[in-house]
Amino acid sequence: MAVLNRFRLDGRVAIVTGASSGLGVTIASALAEAGADLVLAARRAERLADTRALVEKLGGRALTVTADVAEPDDCARLVEATVSEFGRVDILINNAGLGVVVPALHQSRDDFRRLIDVNLNGCHWMACEAAKAMDGGGAIVNVSSMIALTTAGTPQAGYAASKAGLLGLTRDLAQEWTGRRGIRVNAVAPGYFASEMTDGHNDAIEQLLVRVPSRRMGEPEELASAVLFLASDAASYVTGQTLVVDGGFTIG
C-alpha cells in the first residue's frame, strides 16, 4: 500500500462523540475527507445537524444520534444505531468531554462526579460497546489532555484526574484487545486549542503561551491530523500510546 493511501478511510465507519462543536467538528470533517462515513453523537441535537451538513458537503454519509456518553444505555443505543445504519463499526473517537477550572475545595461533589462520568466513565462505556461491534478489528482514539501529564498552574484537579485516568484506560484496553480482537487503542493529549471549551479563558491561556515552545495555540486541524493518523492504517503498528499534541508545552 502506498504511504499516503494508508491514511485513507474509504469504506470505514467512524463514531465521533462530542461532535456538535469545537474540536469534534474538525475531527469529524477530517475523517470524512479521508473517506469515512460518520456517526455523530452529542447531547445537542440542533448543533449535530450543522456537523452533519459539513460532513455531507465533504462527500461523506452521516448519521446523527443524540446521546450522553455518561449514560451506559445511551452508549449502547449509539452503537446499535451505527450498526443498523451502516452495518459495522471500524473507528471510535472518544471526544466528548467537560472542562472545569475550579479549586478543589470549592468543587462540589456532583460536579466532580460529572467530570469523571463524562471524561472517563463515558469513554469506557463507549469503548466497550464499540469493541463488541468491531468484529474485524478497529481503532479507538481517546481524546485526553496534556493536563493528564503536567500542570498548567490552574486549579483543575478533577479534570486532571479524569484525563489521567483515561490514559490508564487506554493502555489497559490496548493490552486486552489488540492481540485478541485486533482493536488498537490510543490516545491524543491536546494542549491549548481554540475551542468552545477554552472560550472565556483566552487571557489566562495567553499568559501560559510563554511556556509553549511553538509560542501559539494549536489549530484544530493540527489535532485532527493526529487523530486521523491514529485511526488509520498509517498507525497500524501503534497501540497503547499517547500522542501529545501541545506545541511542546510538556517538555518545559
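This is a predicted model: local features need pLDDT of at least 70, side-chain atom pairs count only at pLDDT 80 or more; totals for chains, interfaces and linings use all residues.
Residues are numbered from 1 along each chain as its sequence is written. Local features need pLDDT of at least 70, side-chain atom pairs count only at pLDDT 80 or more, and totals for chains, interfaces and linings use all residues, while side-chain values use heavy atoms, without hydrogens and water.

**First stop.** Select helix H1 (residues 22-33) and helix H7 (residues 220-231), whose axes lie 9 Å apart at an angle of about 50°. Axes are lines fitted to C-alpha atoms, for helices over the stretch in contact, and angles run from 0 to 180 degrees between N-to-C directions. H1 and H7 are therefore oblique to each other (under 35 degrees is roughly parallel, over 145 roughly antiparallel, 65 to 115 roughly perpendicular, and the rest oblique). The contact (heavy atoms within 4.5 Å) includes Leu-23 and Ile-27 of H1 and Val-227 and Leu-228 of H7.

**Second stop.** Select helix H3 (residues 72-86) and H4, whose axes come within 9 Å and cross at roughly 35°. Among the residues that meet here are Val-79 and Val-83 in H3 and Trp-125 and Met-126 in H4.

**Third stop.** A pocket is an open set of points on a 1 Å grid where a 1.4 Å probe fits, with protein on both sides within 12 Å along at least five of seven lines; lining residues have an atom within 4 Å of a point. Which residues lie nearest its centre? Val-89, Asp-90, Gly-136, Gly-137 and Gly-138 do, out of 22 lining residues.

Definitions and conventions. Helices (H or I, at least four residues) and strands (E, at least two) are DSSP runs, numbered from the N terminus.
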